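Colleague: I have a new model open and want to learn how to read it. Can we take the features one at a time?

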Amino acid sequence: MPTHREAKAIPVGRILVAAVVAVMTAGCTYVAPSAGSEVRSTEASVSIPYPSPTPTSVAASWGAPLSGQFVSQAARTTGSVRITGTTAGATLTLEGVSVSSDQDLKVVLNEGALSKDPSGNMVVDDPKGMDIGANLKPGGGGSQSFQLPPVPAFKVRSVTIVDWQNRVAYGTADLMPTSR
């Protein structure tokens, strides 16, 4: 059995450093501020405003302003579409849209663009899409606007008018950047 003098010495310095680090970091957490809130420092009475979405930042997240002309697919479709940034999100505006069918028509945002498939049909080249919950007015025509969220779920490259019941694309407009 080793005597007291033969026992290994415990490195007291390492234990003290570990204890100081543990005490300093105990209870330290980070909570991200919510949009529109202010971050307040406990060490000083300085408040730093957390940036809220602006029309410019929203427009940039959408790539707006964007616009395009509808191309017919399963039904004769004419008119144009425009996406612009607002303080609350973005606005999608349909102008002069006319569809030769008055089914249950919805507006869908697509990640893909319009292209020809091997059989020569016009299709959206990427099936990822988002129903914005907007029904096209029966008969189309005139101008219709729909609110969009501040940030898109993906890069929006086209807008399609869809016969929702039969899942048939009636017309799609590829979106291109436009001058402000």
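Colleague: What is the mean pLDDT of the protein, and where is confidence lowest and highest?

Modeller: Where pLDDT is low, the predicted coordinates should not be read in detail. Here the mean pLDDT is 74, and 64% of the residues reach 70 or more. Strand β1 (residues 38-40) has the lowest confidence, at a mean of 41. Strand β3 has the highest, at 95. Over residues 15-53 pLDDT stays under 50. The model has 20 contacts beyond four places in sequence for that stretch.

Colleague: Next, the inventory. How many helices and strands does the protein have?

Modeller: There are 2 helices and 13 strands. Of the 180 residues, 30% are buried. The protein exposes about 11500 Å², with carbon and sulfur atoms supplying 58% of that area. Take contacts between residues at least 6 apart in sequence: 59% of them join residues at least 24 apart.

Colleague: Now strand pairing. In which sense do β3 and β4 pair?

Modeller: Look for the direction, the bridges and the connection. Strands β3 (residues 66-72) and β4 (residues 77-85) are antiparallel, with 4 bridges. Gln69 stands opposite Ser80 in β4. The hairpin from β3 to β4 runs through 4 residues.

Colleague: How many bridges link β4 and β5?

Modeller: There are 8, again in the antiparallel sense, and β5 covers residues 90-99. Val81 faces Leu94 of β5 across this pairing. These two strands also form a hairpin, with 4 residues between them.

Colleague: Thr160 is a polar residue to check. Is Thr160 buried or exposed?

Modeller: Compare its relative accessibility with the cut-off: buried means under 20%. Thr160 is at 4%, so it counts as buried. Thr160 lies in strand β11.

Colleague: With which side chains does the side chain of Thr160 make polar contacts?

Modeller: One partner is the side chain of Asn110, at 2.6 Å. Another is the side chain of Thr172, at 2.8 Å. The neighbours that Thr160 touches, beyond four places in sequence, also include Gln73, Val108, Val124 and Gly171.

Colleague: Last, backbone geometry. What should I look for?

Modeller: Look for exceptions. Most residues other than glycine have a negative phi, and most peptide bonds are trans.

Colleague: Which residues does a cis peptide bond join?

Modeller: Ala64 and Pro65, with omega at about 0 degrees. Pro65 sits in the loop between α2 (55-62) and β3.

Colleague: And what is the phi of Arg167?

Modeller: It is near 55 degrees, a positive value in a residue other than glycine. Arg167 lies in the loop between β11 and β12.

Notes: Residues are numbered from 1 along each chain as its sequence is written. This is a predicted model: local features need pLDDT of at least 70, side-chain atom pairs count only at pLDDT 80 or more; totals for chains, interfaces and linings use all residues. Side-chain values use heavy atoms; hydrogens and water are left out. Two strands pair if DSSP finds at least two bridges between them. pLDDT is the predictor's confidence in each residue, from 0 to 100. Contact means heavy atoms within 4.5 Å. Buried means under 20% relative accessible area, exposed over 50%, partly exposed in between (1.4 Å probe, protein chains only). A polar contact is a pair of N or O atoms within 3.5 Å; within protein, one must be able to donate a hydrogen and the other to accept it, and residues adjacent in sequence count only if both atoms are side-chain atoms. Accessible areas come from the Shrake-Rupley method with a 1.4 Å probe; for residues, only the protein chains shown count as cover.
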